[in-house]
Amino acid sequence: MAASVTVNGRSYRTPEAPVVIVCVDGSEPGYVERAVEAGVAPFLGRVLKTGTAAVGDSVVPTFTNPNNLSIVTGAPPSVHGICGNYFLDPESGKEVMMNDAKFLRVDTIFKAFQDAGARIAVVTAKDKLRGLLGKGLTLAPGRACSFSSEKADKATLAENGIDGVLQLVGKPLPGVYSAELSEFVFAAGVKLMQRDRPDVMYLSTTDYIQHKHAPGTPVANAFYKMMDGYLAQLDAMGCVIALTADHGMNAKHDAEGKPDVIYLQDHFDAWLGAGMARVILPITDPYVVHHGALGSFATVYLPKSADAAAMIAKLKGLDGVEAALPRKEACRRFELPEDRMGDLVVVSTRHKVLGTAASRHDLSGLTEPLRSHGGISEQAVPILLNRKVAIAAGRRLRNFDVFDLALNAAAAVARNAA
Ligand SMILES: [Zn+2]
């Protein structure tokens with residue numbers, strides 16, 4: 001194998017020990033620390049003490065897909081193109097999911113390593129990410145596998161490079177809205193490491209628990225206890241483990257526990273006439289039960305006749321709007337692809353969310369007071385490694401630096417010690 005690979009302008013050293021990158025969906029800083037304080041996460045406790053523990057910035061919009069793709073490409077959405085779960089496709093004029101691999105504009109770090117001869121394993125909770133993460137990989141035994149716990153029972157050699165996943169993991173197929181969906185990811189990771197010892201493994205969970213349970217609460221601590229047990233096994237197998245999150249999470253409800261929503265489409269309908277502007281919520285995906293499609297980031301397509309500056313002034317007058325920016329400025333500030341964003345970008349404050357029209361959100365599935373993400377207020381995420389690495393003073397760490405830290409910085413420390 002070559003000593004390093006270069007992809008999207010960054011070089012990564014070929015791993016000597018297996019590298020496991022973990023993206024814990026919605027893991028706001030504090031979850032790990034509270035679980036460690038409660039005494040239920042001894043491995044993570046060791047990481048905080050003797051490994052590397054930092055806080056970095058995720059990508060805005062602080063949503064799942066843009067950040068997972070940033071982590072696995074080492075680049076912001078302006079480079080890889082995935083800026084939401086959902087967008088208005090300028091080619092078709094239709095609102096579509098951004099799950100299709102055709103929307104990803106660059107190669108992943110996995111592909112670069114596979115081309116160099118490394119073995120790859122990618123396990124996600126929800127199937128929506130699998131196509132994007134696996135783009136360009138040759139999926140076959142001994143080369144790479146890519147599957148989701150959601151559809152673990154349907155994994156085939158042809159589609160996923162692996163079959164018999166339920167038997168391998170020894171667990172039943174988990175429900176899509178459950179903590180077990182994420183547990184299955186870790187359990188599969190341990191079994192794969194025991195059996196195949198891939199060189200690069202990526203484990204990506206779902207934020208079902210984080211949407212409902214704040215750091216330090218019993219259910220959250222139980223989740224991190226579960227995770228801790230599996231990570232300890234990977235650590236014992238000699239893996240270099242780097243853990244980060246796709247975004248944080250905040251309470252988004254009022255004193256009575258009701259979602260605190262700014263219904264943007266209703267405002268624009270009042271300002272410009274019904275249906276003249278189009279509000280797009282990039283949090284939208286087929287799995288909205290736990291957040292009602294309510295997040296803190298929206299993009300708005302205006303009719304040609306509208307005065308963007310006047311609309312921005314009106315938006316800034318709304319209580320709970322943290323930022324209202326024209327496309328160009330928003331894309332420069334948040335490193336987003338201009339051709340996939342609307343005329344305006346709106347971000348709400350820490351405890352508020354943005355909706356389209358009140359009549360379009362089904363909130364009947366919200367069994368707990370709303371917690372959600374999407375805004376600047378959910379940008380901070382943990383960056384943890386089970387190795388102590390040097391981080392230059394003043395360096396702004398991003399969640400998409402974790403491959404660099406795990407492959408380059410950790411290897412440099414090992415070389416110096418040898
Ligand atoms: Zn997420």
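**Note on the predicted model**

1. Asn8 counts as partly exposed because it has 17 C-beta neighbours inside 10 Å. (A residue is buried if 20 or more other C-beta atoms lie within 10 Å of its own, exposed if 12 or fewer, and partly exposed in between; C-beta atoms are placed from the backbone.) Asn8 is not a glycine, yet its phi is positive, at about 55 degrees. Asn8 sits in the loop between strand 1 (4–7) and strand 2 (10–13). Helices (H or I, at least four residues) and strands (E, at least two) are DSSP runs, numbered from the N terminus.

2. A word on the source. This is a predicted model: local features need pLDDT of at least 70, side-chain atom pairs count only at pLDDT 80 or more, and totals for chains, interfaces and linings use all residues. Residues are numbered from 1 along each chain as its sequence is written.

3. Glu335 also has a positive phi, about 60 degrees, although it is not a glycine. Look for Glu335 in the loop between helix 14 (327–334) and strand 16 (344–348). Glu335 has 18 C-beta neighbours inside 10 Å, so it counts as partly exposed.

4. Check the peptide bond between Val60 and Pro61. This bond is cis, with omega about 10 degrees. Pro61 belongs to the loop between strand 4 (52–57) and helix 3 (64–73).

5. Now the helix pair. The axes of helix 9 (residues 180–195) and helix 11 (residues 218–236) come within 10 Å and cross at roughly 15 degrees. That makes helix 9 roughly parallel to helix 11. (Axes are lines fitted to C-alpha atoms, for helices over the stretch in contact, and angles run from 0 to 180 degrees between N-to-C directions; angles under 35 degrees count as roughly parallel, over 145 as roughly antiparallel, 65 to 115 as roughly perpendicular and the rest as oblique.) Helix 9 contributes Glu183, Phe186, Ala187, Gly189, Val190 and Met193 to the contact, and helix 11 contributes Met226, Met227, Tyr230, Gln233 and Leu234. (Two residues are in contact if their C-beta atoms, placed from the backbone, lie within 7 Å.)

6. Last, the domains. The chain is assigned domain 1 (4–248 + 379–417) and domain 2 (261–372). These bounds come from an automatic or database domain assignment. The C-alpha centres of domain 1 and domain 2 are 28 Å apart. In the contact, 23 residues of domain 1 meet 25 residues of domain 2. On the domain 1 side, helix 4 (77–80), strand 5 (86–89), strand 6 (94–97) and helix 10 (208–212) each supply at least two residues.
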